[in-house]
Amino acid sequence: MAAEWKETLETEREISAFMLELGIPAHLRGYYYLREAVLLAVSDMELVGSVTKLLYPVIARRYKTTLQRVERAIRNAVEVSWERGNPEVFEDLFGFSLETGAPRPTNSEYIARIADKIRMDATTGEKIEK
């Protein structure tokens, strides 16, 4: 049990480091919802296929809020990072950025790509340094 908790904590740290690298300010409520969404998606990628029916309700229950507020807060965090974040990191993760004129990724795309990166980094043994 302690080993599982330690692994979850390490995954949370990696997610947080990467979200900060993407330019998501930690003072936004959506930061915490997004981190939780990515953590859940890392353990079960099928959740990303139905964010409004599966993922948002779980987060809303944990934070004692509504799924609409969860969705909006995550969308706001994604918008802020898209506009203010490092374009090179977006190019690397998504293959496009605001500088290329592409529209911002959707919440589910954002969650899925971060979760996938964290999962792939875990299998290759890479860590995000901050």
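Analyst: A residue is called buried when its relative accessible area is under 20%, exposed when that area is over 50%, and partly exposed in between. By this rule Phe 94 is buried, because its relative accessibility is 14%, whereas Phe 96, with a relative accessible area of 25%, is partly exposed. What follows describes a predicted model.

The rings of Phe 94 and Phe 96 have their centres 5.9 Å apart and their planes at 40°; as planes under 30 degrees apart count as stacked and those over 60 as edge-to-face, this pair is tilted. Both residues belong to one aromatic cluster, which is formed by Trp 82, Phe 90, Phe 94, Phe 96 and Tyr 110.

Across the whole structure, the search finds 8 aromatic pairs. One of them joins Phe 90 and Tyr 110, whose ring centres lie 6.4 Å apart with the planes at 45°, so that this pair is tilted. Phe 90 sits in helix α5 (residues 87-94) and Tyr 110 in helix α6 (residues 107-124), and the pair thus links distant parts of the chain, 20 residues apart. Phe 90 is buried, with a relative accessible area of 1%, and Tyr 110 is likewise buried, with a value of 0%.

Turning to the charged side chains, the search of the whole structure finds 7 salt bridges. Among them is the contact of Arg 62 with Glu 36, at 2.0 Å from N to O. Because Arg 62 lies in helix α3 (residues 51-63) and Glu 36 in helix α2 (residues 29-43), this pair ties together parts that are 26 residues apart in sequence. Glu 36 counts as buried at 13% relative accessibility, while Arg 62 counts as partly exposed at 49%.

Another salt bridge is made by the side chains of Arg 104 and Glu 79, at 3.8 Å from N to O. This pair also links distant parts of the chain, with Arg 104 in the loop between α5 and α6 and Glu 79 in helix α4 (residues 67-84), 25 residues apart. Arg 104 is partly exposed at 25% relative accessibility, and Glu 79 is partly exposed at 25%.

A further bridge stays within one helix: Arg 13 and Glu 10 both lie in helix α1 (residues 2-22), 3 residues apart, or about one turn, and their side chains meet at 3.8 Å, N to O. Glu 10 counts as partly exposed, at 28% relative accessibility.

Note on methods. Residues numbered from 1 in each chain as written. Predicted model: local features only at pLDDT ≥ 70, side-chain atom pairs only at ≥ 80, totals over all residues. Heavy atoms only, no water. Phe/Tyr/Trp six-rings, centres within 6.5 Å; stacked < 30°, edge-to-face > 60°. Helix = DSSP H or I, 4+ residues; strand = E, 2+ residues; numbered from the N terminus. Buried < 20%, exposed > 50% of the residue type's maximum accessible area, 1.4 Å probe, protein only. Salt bridge = Lys/Arg side-chain N within 4 Å of Asp/Glu carboxyl O.
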